[in-house]
Amino acid sequence: MNNNKNTDTIRLIGYWKSQFQMKLPHPINFIDSKWDQTEKNKVIAYIKNAPFLPAVAGGYSYCRLCNKEDNGCREQSDGYFIWSEGFLHYLEEHNVKPPKDFIDHCIKSPKAKKINLEQEVKIDTEWWKEQRGFETPESKYFLDPYEHTYPKFYSLELKNFNKNNLKLKYRKLLKDIAKELDMSVIEIHHNLTNSDKEFIVSEEDINHIEKIINKDLFLDIKRIKNIR
Ligand SMILES: [Zn+2]
């Protein structure tokens with residue numbers, strides 16, 4: 001049954017990693033100087049033609065790859081995808097090649113669906129967050145000019161730890177960390193003993209717990225490289 005409610009999902013694309021949004025993809029990983037020119041031109045033409053959404057006060061975005069500071073502040077959407085105005089610059093100037101889904105969509109050039117902002121619009125951010133690009137010589141060796149602005153992350157690891165010998169000490173440690181990080185004891189224990197996943201904490205968290213852990217005994221803190 002059609003309840004006549006507009007619940008179209010619009011996919012987010014072209015929003016990039018920053019110090020505030022570490023989980024978004026980085027354009028470095030999408031640079032492809034061998035991108036077919038005809039295909040590129042078609043995608044660019046489609047992007048340029050898409051409607052702009054009514055401006056919202058969000059300030060200008062900056063280019064993650066060069067020194068361009070005023071890289072657009074508006075958003076565009078064809079009713080299927082939504083991207084920021086600055087997305088075009090990455091394609092035109094840096095050969096950033098979007099994921100295939102989006103390229104195919106642009107080449108198909110569907111007629112733009114009007115977005116009714118009065119009605120509920122569902123934005124899918126998950127698809128974009130999962131995109132990690134592809135490896136090209138550019139993506140492999142390009143240095144991220146904003147690397148220094150990202151928050152630093154650390155990985156906590158138990159080392160030479162014998163639960164039975166150190167039961168009380170371990171429980172005390174869990175309790176102290178849990179208190180500082182505002183997490184439950186079970187959660188901390190699970191994170192520390194889960195061998196499939198690293199227990200990643202921010203620099204701020206490390207500052208909170210550094211004073212309460214005994215590094216030499218059984219907890220190790222490793223600086224981890226920022227994930228691209
Ligand atoms: Zn740029």
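1. Asp-182 is exposed, because 8 other C-beta atoms lie within 10 Å. Asp-182 is located in the loop between helix H6 (167–181) and helix H7 (185–193). Its phi is positive, about 55°, although Asp-182 is not a glycine. Most residues other than glycine have a negative phi.

2. The model is predicted: local features need pLDDT of at least 70, side-chain atom pairs count only at pLDDT 80 or more, and totals for chains, interfaces and linings use all residues. Residues are numbered from 1 along each chain as its sequence is written. Helices (H or I, at least four residues) and strands (E, at least two) are DSSP runs, numbered from the N terminus.

3. Asn-95 belongs to the loop between H2 and H3. Asn-95 also has a positive phi of about 55° and is not a glycine. It counts as partly exposed because it has 17 C-beta neighbours inside 10 Å.

4. How are helices H1 and H2 arranged, parallel or antiparallel? Helix H1 (residues 37–49) packs with helix H2 (residues 87–94) at an angle of about 155°, and their axes are 10 Å apart. Axes are lines fitted to C-alpha atoms, for helices over the stretch in contact, and angles run from 0 to 180 degrees between N-to-C directions. H1 and H2 are therefore roughly antiparallel; angles over 145 degrees count as such, those under 35 as roughly parallel, those from 65 to 115 as roughly perpendicular, and the rest as oblique.

5. On the H1 side, Lys-40, Val-43, Ile-44, Ile-47 and Lys-48 meet Phe-87, Leu-88, Leu-91 and Glu-92 of H2. Two residues are in contact if their C-beta atoms, placed from the backbone, lie within 7 Å. This contact of H1 with H2 comprises 6 nonpolar, no polar and 3 charged residues. Here Ala, Val, Leu, Ile, Met, Phe, Trp, Tyr, Cys and Pro count as nonpolar, Asp, Glu, Lys and Arg as charged, and the others, Gly among them, as polar.

6. H1 also packs with helix H3 (residues 100–108), at an angle of about 75° and with the axes 9 Å apart. H1 and H3 are therefore roughly perpendicular to each other. Glu-39, Lys-42, Val-43 and Tyr-46 of H1 make this contact with Ile-103, Cys-106 and Ile-107 of H3. By class, the contact of H1 with H3 has 5 nonpolar, no polar and 2 charged residues.

7. Two strands pair if DSSP finds at least two bridges between them. Strand S1 (residues 9–12) pairs with strand S3 (residues 81–84) in the parallel sense over 2 bridges. Arg-11 stands opposite Phe-81 in S3.

8. Strand S5 (residues 153–158) runs antiparallel to strand S6 (residues 199–202), and 4 bridges join them. Tyr-154 has Val-201 in S6 as its bridge partner. S5 is also joined to S7, by 6 bridges, and these two strands run antiparallel. The bridge partner of Ser-155 in S7 is Lys-222.

9. Leu-219 lies in strand S7 (residues 219–224). It counts as partly exposed because it has 19 C-beta neighbours inside 10 Å. Leu-219 and Leu-173 are 46 residues apart in sequence, and their C-alpha atoms are 9.5 Å apart in space.

Terms used
A residue is buried if 20 or more other C-beta atoms lie within 10 Å of its own, exposed if 12 or fewer, and partly exposed in between; C-beta atoms are placed from the backbone.
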